[in-house]
Amino acid sequence: EEGLIRPCDRVWVACSGGPDSTALFRLLSSLAPKWNLKLGLLHFNHGLRGEYSKRDERFVRQLAKTFGVPVYVGRGNIAKRAMKEKVSLEEAGRQARYKFFIKTAKKHRIPKIVLGHTQDDQAETVLMRVIQGTGLKGLCGIRKEMKMGKVVFVRPLLDYSKKELERFLKEQKIPYRTDSSNKSPRFLRNRIRLELIPWLVRKVNPRAVEAVARIPAIVSEEVKLLEQLEIEAWEKCFKSKRKKKLSLDRKAFLKFSPPLQFRLLDRALKALDARSGLNFDLWRNLKPSLRRPKYRSSLPRGLDLSLSRTRVILYKRFSRLL
């Protein structure tokens with residue numbers, strides 16, 4: 001209905017072997033003959049659960065063999081990556097998965113990857129970002145369609161609950177894998193899924209999942225408007241960018257409202273380092289100083305901000321200001 005998947009598409013399903021991605025693959029398989037879909041499977045072995053991770057991989061390989069579709073498997077040491085990047089296991093796993101997806105898509109010319117995120121995942125994501133202190137961008141949650149490089153990621157199950165998918169699997173007697181780490185309280189998402197959401201459903205709103213998952217659709221139009229204003233503002237104040245340095249026209253920058261100034265600085269920081277960005281606390285401390293004649297501030301991820309009479313300059317620390 002939304003055109004996320006069209007007849008004759010070549011689509012690879014990111015499959016963990018769990019209920020959501022297994023149900024997604026089986027649904028697409030039933031649609032494939034009528035729509036002439038070319039299907040394949042992608043599986044990333046995080047190596048965090050020893051033999052159980054190996055069994056997940058074997059399950060997906062067998063699924064591909066049973067349905068006669070190609071399968072590409074990636075592996076990674078997520079614990080080591082988390083320590084090196086100083087991020088959580090969840091974030092390290094997400095980074096490694098998407099790196100594998102994009103690399104494989106480029107190598108095998110895969111135009112579209114389908115992900116099995118559900119309404120429950122959407123609600124968990126929105127609640128997690130609210131708890132961590134998000135803005136409107138964070139409230140957009142998981143997008144149904146997202147382009148990274150030349151590959152398009154789509155999520156056609158965001159309007160469907162896990163219970164609906166599990167009921168489908170049960171009725172069709174379709175086997176799937178269960179990830180025991182989904183019940184571990186060490187992960188914030190799991191605590192939200194296992195403790196916060198059941199409490200909200202029981203004590204506040206029986207349809208809390210649907211209500212929270214609806215928030216991205218409610219705010220998305222406002223966010224699109226702000227993104228357009230941000231693009232127009234960027235065109236007016238952007239001056240130059242080299243490998244380690246980016247300059248904005250200070251006079252033009254100061255004419256914009258604080259919300260747009262926030263977005264412009266966030267955009268500039270991410271242009272220098274995709275892992276960077278501007279959070280609210282940093283912005284609150286930075287904002288009063290933006291009208292000083294001269295100013296310099298050290299920012300996270302080895303970035304600095306400097307004000308001259310005519311420029312707002314952001315640069316990698318220890319690089320020379322030319």
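At what angle do helix α1 and helix α7 pack, and how far apart are their axes? In this predicted model, helix α1 (residues 19–35) and helix α7 (residues 162–171) pack at an angle of about 60 degrees, and their axes lie 10 Å apart. The crossing in which α1 passes α7 is left-handed. The residues that make this contact are set out by helix below.

| Helix | Residues in the contact |
|---|---|
| α1 | Pro 19, Asp 20, Thr 22, Ala 23, Arg 26, Leu 27 |
| α7 | Lys 162, Leu 165, Glu 166, Phe 168, Leu 169 |

Sorted by class, the contact of α1 with α7 comprises 6 nonpolar, 1 polar and 4 charged residues.

In soluble globular proteins, nonpolar side chains tend to be buried together. Here the largest nonpolar core has 27 residues, of which Leu 248, Phe 253, Leu 265, Leu 305, Val 312 and Leu 314 touch the most other members. Among the elements that give two or more residues to this core are α10 (215–237), α12 (258–272), β8 (245–249) and β10 (303–307), and the largest share, 6 residues, comes from α12.

For Leu 305, once neighbours within four places in sequence are left aside, the residues in contact include Leu 265, Leu 286, Tyr 295, Leu 299, Val 312 and Leu 314, together with Arg 296 and Ser 297.

Note on methods:
Residues are numbered from 1 along each chain as its sequence is written. This is a predicted model: local features need pLDDT of at least 70, side-chain atom pairs count only at pLDDT 80 or more; totals for chains, interfaces and linings use all residues. Side-chain values use heavy atoms; hydrogens and water are left out. A nonpolar core is a set of buried Ala, Val, Leu, Ile, Met, Phe, Trp, Tyr and Cys residues joined through side-chain atoms within 4.5 Å. Buried means under 20% relative accessible area, exposed over 50%, partly exposed in between (1.4 Å probe, protein chains only). Helices (H or I, at least four residues) and strands (E, at least two) are DSSP runs, numbered from the N terminus. Contact means heavy atoms within 4.5 Å. Axes are lines fitted to C-alpha atoms, for helices over the stretch in contact, and angles run from 0 to 180 degrees between N-to-C directions. A crossing is left-handed if the near helix is turned anticlockwise from the far one by less than a right angle, and right-handed if clockwise. Ala, Val, Leu, Ile, Met, Phe, Trp, Tyr, Cys and Pro count as nonpolar, Asp, Glu, Lys and Arg as charged, and the others, Gly among them, as polar.
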